Amino acid sequence: MAGQRLKDKVALITGAASGIGKESALLFASEGARVAVVDLNEAAGHEVVGTIRARGGEAIFVPADVANPEDAERMVTETEAAFGKLDVLFNNAGVMLSGDGDAVGTPLDVFEKTLAINVRGVFLGCKYGIPALRRAGGGSVINTASFVATLGAATPQIAYTASKGAVLSMTRELAVIHARENIRVNALSPGPLRTELLMKFLDTEEKRQRRLVHIPMGRFGEAKEMARAALFLASDESSYMTGAELRVDGGITAAYVTPE
Ligand code: NAD
């Protein structure tokens, strides 16, 4: 049953053609939001918009590379042009590149590309999105971090880990700086999910089991479970929450030894 938890809100979601972003776009729209679906992947992005419209919701697709300043500015101006304002900025696009490993083995270009998308992308989203939130009288920013911002991973991804630490610390500072402008900024830290991003690395049963050992719940999370947490952060239900990290991780960051 569709609700109205985001009635009259306009949300911009990056990386909305797949995984967490896609499920959030569908859920936010079903809760009354008008949604700007932003992604590099045009075909899949249009498909998400098509699904939202078929269900009676409102959405536009904006093709953009979040690491590119012109694109980041345009995703915001196109959202305001289409829907008149911006209330929710969900900086969710992120990559985990092959070649990302330990410090010794990771090529410099892999490190820099990861930071360009995962860190500069969030910075640019805020650089152009926060003035729009101000124009709307305030709003909610959600940045997708990760459990690896808190824990060292047994399978190293040094660039990815560094990028998510930066997302988390930027989130805190943004929250402090913009709190009196009625702009809340929170991080969503997913645990390991059964999405394309992770499964292309954990491509054997052995690798999957190696990771599952660390998750108290004994299973991977679903993108839909992240979307529900993002909905809470996007909506006024989280009105006294800012600078926080919402960990939705099957208990992985709470565990030292997991149950048999
Ligand atoms: P996904 O690969 O399913 O979706 C990511 C989307 O981002 C894709 O549609 C992709 O086209 C888009 N994208 C990539 N680079 C982009 C760019 N430069 N500009 C615009 N769009 C771009 O991944 P997901 O699992 O839904 O990941 C979403 C976020 O969640 C990422 O920030 C990721 O780091 C984070 N995360 C994922 C997991 C996991 O286990 N899957 C765990 C923790 C955090």
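Trainee: How many aromatic pairs does the structure hold?
Mentor: The structure holds 1 aromatic pair. Rings of Phe, Tyr and Trp (its six-membered ring) pair if their centres lie within 6.5 Å. This is a predicted model, where local features need pLDDT of at least 70, side-chain atom pairs count only at pLDDT 80 or more, and totals for chains, interfaces and linings use all residues. Residues are numbered from 1 along each chain as its sequence is written, and side-chain values use heavy atoms, with hydrogens and water left out.

Trainee: Which rings are in the pair, and why is it called stacked?
Mentor: Phe28 and Phe90. Their ring centres are 6.3 Å apart and their planes are at 20 degrees, so the pair is stacked. Planes under 30 degrees apart count as stacked, over 60 as edge-to-face and the rest as tilted.

Trainee: Where do Phe28 and Phe90 lie?
Mentor: Phe28 lies in helix H1 (residues 19–30) and Phe90 in strand S4 (residues 88–91), so the pair ties together parts that are 62 residues apart in sequence. Helices (H or I, at least four residues) and strands (E, at least two) are DSSP runs, numbered from the N terminus.

Trainee: Is Phe28 buried or exposed? What about Phe90?
Mentor: Phe28 has 0% relative accessibility, so it counts as buried. Phe90 is also at 0% and counts as buried. Buried means under 20% relative accessible area, exposed over 50%, partly exposed in between (1.4 Å probe, protein chains only).

Trainee: New topic. How many residues has the largest nonpolar core?
Mentor: It has 31 residues. Leu12, Met75, Leu86 and Val141 have the most contacts inside it. The largest share, 8 residues, comes from H4. A nonpolar core is a set of buried Ala, Val, Leu, Ile, Met, Phe, Trp, Tyr and Cys residues joined through side-chain atoms within 4.5 Å.

Trainee: And the ligand? How many residues surround it?
Mentor: 27 residues surround the ligand. The closest are Ser18, Ile20, Asp39, Tyr160 and Thr195. Near means that a heavy atom of the residue lies within 4 Å of the molecule.

Trainee: What lies 2.8 Å from a nitrogen atom of the ligand?
Mentor: An N or O atom in the side chain of Asp65. For Val66, a backbone N or O atom lies 3.0 Å from a ligand nitrogen. The side chain of Lys164 has an N or O atom 2.9 Å from a ligand oxygen.

Definitions and conventions. Polar contact = N/O pair within 3.5 Å; in protein donor to acceptor, adjacent residues only side chain to side chain.
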